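Please keep the sequence and the model in view while reading.

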Amino acid sequence: MTNYAKLLDAELAAITAAGNRPRLLLHACCAPCSSYTLEYLTKYFDITLFFYNPNIAPKEEYDFRAAELARFIGAHPACGGVKLSVPAYDSAPFFEIAKGLEDVPEGGERCMGCYRLRLAETAKAAKDGGFDYFCTTLSISPYKNAAALNEIGGELAEDCGVQYLYSDFKKKGGYARSIELSREYDLYR
């Protein structure tokens with residue numbers, strides 16, 4: 001089994017040794033999952049958060065979560081310089097991939113399709129925007145399959161020509177730190 005936290009450490013060490021500051025397009029599902037991830041990665045990257053989540057409904061919830069993410073970026077000292085990209089709300093792509101899978105339990109085929117949908121759009125935006133890397137905050141959640149996320153990210157990286165930042169942000173206390181930050185900044189969960 002691949003240790004994605006060790007892969008991340010090795011990549012960050014290589015970035016540090018090279019003395020550069022690459023551009024990262026970081027898919028963000030919500031402010032709580034972004035909190036620790038940003039706190040950790042802003043030391044190494046110029047980050048644009050990409051809030052692409054057609055799985056969130058209704059539009060008011062989508063808008064509220066995007067605003068909460070913007071509020072966190074504005075409040076946390078480590079997030080100075082972090083940009084936020086929020087595509088227009090469109091739930092149709094999610095409903096298309098979820099059709100017929102409505103009764104599949106969490107973690108099944110519907111989730112894999114949703115991971116692929118969001119990461120594919122992130123990879124496309126990373127390529128179009130000239131980013132050096134792309135990644136997602138989703139691996140911080142103990143309810144998300146980090147191995148599947150990394151496998152999908154790696155496949156998409158090969159297709160788009162932008163490097164995927166392999167990671168498992170829940171490791172090394174990342175998930176616990178996100179809970180602390182959520183309390184500290186009163187983040188909507």
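This is a predicted model: local features need pLDDT of at least 70, side-chain atom pairs count only at pLDDT 80 or more; totals for chains, interfaces and linings use all residues.

H1 itself runs over residues 4–18, and its 15 residues reach 21 Å from the first C-alpha to the last, which is close to the 21 Å expected at 1.5 Å a residue.

Which residues of H1 are buried? They are Tyr4, Ala5, Leu8, Leu12 and Ile15. Because these residues cover an arc of only 100° around the axis, they lie on the same side of H1. On the other side of the helix, Lys6, Ala17 and Ala18 are exposed.

The N-terminal end of H1 is capped by asparagine 3, which has a side-chain oxygen 3.1 Å from the backbone nitrogen of alanine 5. Just after the helix, glycine 19 takes a positive phi of about 70°.

Strand S2 (residues 46–50) is largely enclosed by the rest of the structure, because 4 of its 5 residues are buried. The table sets out the pairings of this strand.

| Strand pair | Sense | Bridges |
|---|---|---|
| S1 (residues 23–27) and S2 | parallel | 5 bridges |
| S2 and S3 (residues 83–85) | parallel | 3 bridges |

Leucine 24 has isoleucine 47 in S2 as its bridge partner, while phenylalanine 50 stands opposite serine 85 in S3. S2 also takes part in right-handed β-α-β units: one is made by S1, H2 and S2, and another by S2, helix H3 (residues 59–75) and S3.

Conventions: Residues are numbered from 1 along each chain as its sequence is written. Side-chain values use heavy atoms; hydrogens and water are left out. Helices (H or I, at least four residues) and strands (E, at least two) are DSSP runs, numbered from the N terminus. The expected span of a helix is 1.5 Å times one less than its number of residues. Buried means under 20% relative accessible area, exposed over 50%, partly exposed in between (1.4 Å probe, protein chains only). The arc is that of the directions from the helix axis to the C-beta atoms. A polar contact is a pair of N or O atoms within 3.5 Å; within protein, one must be able to donate a hydrogen and the other to accept it, and residues adjacent in sequence count only if both atoms are side-chain atoms. Two strands pair if DSSP finds at least two bridges between them. A crossover is right-handed if, with the strands pointing away from the viewer, the path from the first strand over the helix to the second runs clockwise.
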